[in-house]
Structures are given as C-alpha cells and as structure tokens.
Amino acid sequence: MKRHLYHAICLLVFTGATYGFLMEVKSSGLNLNSYDKHLHFLVFFCLTALLQWSYKPKLWQAVVIMAGYGVAIEFLQNYLTSYRRAELMDWVADVLGMTAFYLCYFAVKKWRNRTQ
C-alpha cells in the first residue's frame, strides 16, 4: 500500500477515536463505565500501533504525540461535553497503553534480530 494511504487510514481512525471519546454512551444494557480505563488502555495501544506503522515516528515524537492527544481528549471531554469529565487516571491508562505497545514493539524487533 502507498504510504499516503496509511496516513489517511491513520487520520481516519484517530478521528473516529476522538468521536468515540466524546460521544455520550447511551444505556444499552452494557455498563462500559466499569471498563473505562481498560478501553482507554486498549484504544491507545491500537492508536500507537497505527501511528508507528503509518508514520514511523521516532520514539520521543510518538510519546509527545500520544501523550498530548490523551491530554487533549481529557480537556475536550471536560469542556465540550456535559456528560464526561477529565480524569487523570484516564490519561494514565492512555500512557500505559502506549507504553505497553512500545514494550511489545521493541521486544518483537529484538526477537526478530536475534532469529535472523
């Protein structure tokens, strides 16, 4: 696939994730509030993977982008919605998701280099 297509997919997914973080979750029988931190972790793990594979930023750039995105989401939730609040622990879950991705990423890279 062409690199610009990866970029477009990445931006589309980030836009969708932003919408998901800001939308009101209607009661559907599922209580997602109890899994909020897990969802933050999982979404940021996946978004970080997508960012890495599409843009290939340096580690420090990815950390700044993803941590900044997490802070931005929390501020947007706090100031643009009446049904969500900014929570430090949400941001911690975001950073832990990003960290978990990079631990896996570098472990796989190291393993691949050893087997070649």
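Visitor: Which residues of helix 4 are buried, and what makes a residue count as buried?
Guide: In helix 4 they are D90, A93, D94, G97, M98, A100, F101, Y102 and Y105. Buried means a relative accessible area under 20%, exposed means over 50%, and partly exposed lies in between (1.4 Å probe, protein chains only). The model is a predicted one: local features need pLDDT of at least 70, side-chain atom pairs count only at pLDDT 80 or more, and totals for chains, interfaces and linings use all residues. Residues are numbered from 1 along each chain as its sequence is written, and side-chain values use heavy atoms, with hydrogens and water left out.

Visitor: What covers the buried residues of helix 4?
Guide: The cover includes helix 2 and helix 3. A helix here is a DSSP run of H or I with at least four residues, a strand is a run of E with at least two, and numbering starts at the N terminus.

Visitor: How many helices and strands does the chain have?
Guide: The chain has four helices and zero strands, in the order α-α-α-α along the sequence. Of its 116 residues, 28% count as buried. Its C-alpha atoms fill a box of roughly 50 × 30 × 30 Å along the principal axes.

Visitor: Why are helix 3 and helix 4 called roughly antiparallel?
Guide: Their axes come within 9 Å and cross at roughly 155 degrees. Axes are lines fitted to C-alpha atoms, for helices over the stretch in contact, and angles run from 0 to 180 degrees between N-to-C directions. Angles under 35 degrees count as roughly parallel, over 145 as roughly antiparallel, 65 to 115 as roughly perpendicular, and the rest as oblique. The angle is over 145 degrees, so helix 3 and helix 4 are roughly antiparallel. Helix 3 takes part in the contact through residues including L59, M66, G70 and Q77, and helix 4 through residues including W91, M98 and F106.

Visitor: How do you know that helix 1 and helix 2 are roughly antiparallel?
Guide: The axes of helix 1 and helix 2 cross at roughly 160 degrees and come within 9 Å, so these helices are roughly antiparallel by the cut-off. Among the residues in contact are Y6, F14 and F21 of helix 1 and H40, F44 and L47 of helix 2.

Visitor: What is the handedness of each crossing?
Guide: Helix 3 and helix 4 cross in a right-handed way, whereas helix 1 passes helix 2 in a left-handed crossing. Left-handed means that the near helix is turned anticlockwise from the far one by less than a right angle, and right-handed means clockwise.

Visitor: Why is H40 called buried?
Guide: H40, which lies in helix 2, has a relative accessible area of 2%; that is under the cut-off, so H40 is buried. Leaving aside neighbours within four places in sequence, H40 is in contact (heavy atoms within 4.5 Å) with F21, E74, D90, A93 and D94. The buried residues of helix 2 also include F44, L47 and Q52, and the buried set packs against helix 1, helix 3 and helix 4.

Visitor: What makes the largest nonpolar core a core?
Guide: A nonpolar core is a set of buried Ala, Val, Leu, Ile, Met, Phe, Trp, Tyr and Cys residues joined through side-chain atoms within 4.5 Å. The largest one has 16 residues, and F14, F21, L47, M66, Y69 and Y102 have the most contacts inside it. Helix 1 (3-22), helix 2 (36-55), helix 3 (59-80) and helix 4 (88-115) each give two or more residues to this core. Not counting residues up to four places away in sequence, F21 touches H40, V43, F44, Y69, I73, Q77 and R84.
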